[in-house]
Amino acid sequence: MINSINRSNNAYGASSYFNPLAEDMSTKGQCRVSEEELVKRIRDLAYRDAAAGKNSQYGVKFHGVGTGTPEWRKLRADYISFASPDRAGIIQKKLSQLTGGAANMRLQSNSRLEAFAILFANGTKSARKIHDPDVGGNYISFKDERGKEIAHYCTLSGWHYSDTSAESARRSEFYDMWRQFLTEAQEELEQKELEKKQLNKELLDKAFFEARA
């Protein structure tokens, strides 16, 4: 997810900062481990959850909606990122073009993007002439090379993005995998508990018969 890389070198050779509020936005290359290692980490979390009797997918509630623990969300975003476009690079490139390459553009949770401060003033397009169909009165649309929107930012409501079809498929794979790992872990622990109870019963029975002998 974009904010999981506080500082990343993107395809355009620039360093950029991203909004913690946009934490579910995945971008190409964000995952620092192999897919095999990432799957292992997902499995490990599922086994930890099973042992603790919880499910990280529903670890955090926001207005009654389960959004998952931070660790679970990061694993999900990293898994999706293998199919993600280079959102970080596309956003950085667009903002650099619009602001004349403004340096150290920052997105912070309670602060406006410095580049947007250049582009907008009090929710309206600044006096600086911007002739770009992707820039409105209070928003900017970010599109890939095919012209498909991969994210947009509004000064009133912040970041919005939608999965690409490839990302949607990866998201579904993640949910299926998570449910499978959690179920397997729960069943394995239940089996171990049954075996433990059976062993204890056998030991008690043996002790009883030996005491009567």
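Lys-74 and Asp-78 form a salt bridge in this predicted model, their closest N and O atoms lying 2.7 Å apart. The two residues are four positions apart in helix H2, so about one helical turn separates them. Lys-74 is partly exposed at 34% relative accessible area, whereas Asp-78 is buried at 4%.

**Overall layout**
- The protein has five helices and nine strands.
- From the N terminus, the order of elements is β-β-α-β-β-α-α-α-β-β-β-β-β-α.
- Of the 213 residues, 39% are buried.
- Among contacts with a separation of 6 or more, 59% are between residues 24 or more positions apart.

- Glu-37 pairs with Arg-41 in a salt bridge whose closest N and O atoms are 3.1 Å apart.
- Both Glu-37 and Arg-41 belong to helix H1 (residues 35-52), with a spacing of four residues, or about one turn of the helix.
- Glu-37 has a relative accessible area of 28% and is partly exposed; Arg-41 is also partly exposed, with a value of 40%.
- Arg-48 forms a salt bridge with Glu-71, at 2.7 Å between the closest N and O atoms.
- Arg-48 is in helix H1 and Glu-71 in helix H2, so this pair ties together parts that are 23 residues apart in sequence.
- Arg-48 is partly exposed at 45% relative accessible area, and Glu-71 is partly exposed at 37%.

**Asp-134 and its network**
- Lys-94, Asp-132, Asp-134 and Lys-143 are linked in a network of salt bridges.
- Asp-134 is located in the loop between strand E6 (124-125) and strand E7 (139-143).
- With a relative accessible area of 12%, Asp-134 counts as buried, because the value is under 20%.
- The side chains of Asp-134 and Lys-94 make a polar contact at 3.2 Å.
- Leaving aside residues up to four places away in sequence, Asp-134 touches Lys-94, Tyr-139, Ile-140, Ser-141 and Lys-143.

**Asp-86, buried without a salt bridge**
- Asp-86 sits in the loop between helix H2 (70-81) and helix H3 (87-99).
- Asp-86 is buried yet has no salt bridge.
- The Asp-86 side chain does reach the backbone nitrogen of Gly-89, at 3.0 Å.

**The sheet E7-E8-E9**
- Three strands form an open sheet in the order E7-E8-E9, with antiparallel pairing.
- E7 and strand E9 (158-160) are the edge strands, each pairing on one side only.
- From one strand to the next, the twist averages 15 degrees.
- Five bridges pair E7 with E8 in the antiparallel sense, and Lys-143 stands opposite Glu-149 in E8.
- The hairpin of E7 and E8 has five residues between its strands, and Gly-147 there takes a positive phi near 85 degrees.
- Strand E8 (residues 149-154) is joined to E9 by three bridges, also antiparallel, and Tyr-153 stands opposite Trp-159 in E9.

- Asn-138 lies in the loop between E6 and E7 and is buried, with a relative accessible area of 18%.
- Asn-138 and Thr-155 are 17 residues apart in sequence, with their C-alpha atoms 5.6 Å apart in space.

Definitions and conventions
Residues are numbered from 1 along each chain as its sequence is written. This is a predicted model: local features need pLDDT of at least 70, side-chain atom pairs count only at pLDDT 80 or more; totals for chains, interfaces and linings use all residues. Side-chain values use heavy atoms; hydrogens and water are left out. Buried means under 20% relative accessible area, exposed over 50%, partly exposed in between (1.4 Å probe, protein chains only). A polar contact is a pair of N or O atoms within 3.5 Å; within protein, one must be able to donate a hydrogen and the other to accept it, and residues adjacent in sequence count only if both atoms are side-chain atoms. Contact means heavy atoms within 4.5 Å. Two strands pair if DSSP finds at least two bridges between them. Axes are lines fitted to C-alpha atoms, for helices over the stretch in contact, and angles run from 0 to 180 degrees between N-to-C directions. Lys and Arg count as positive and Asp and Glu as negative; His and the chain ends are not counted. A salt bridge is a side-chain nitrogen of Lys or Arg within 4 Å of a carboxyl oxygen of Asp or Glu.
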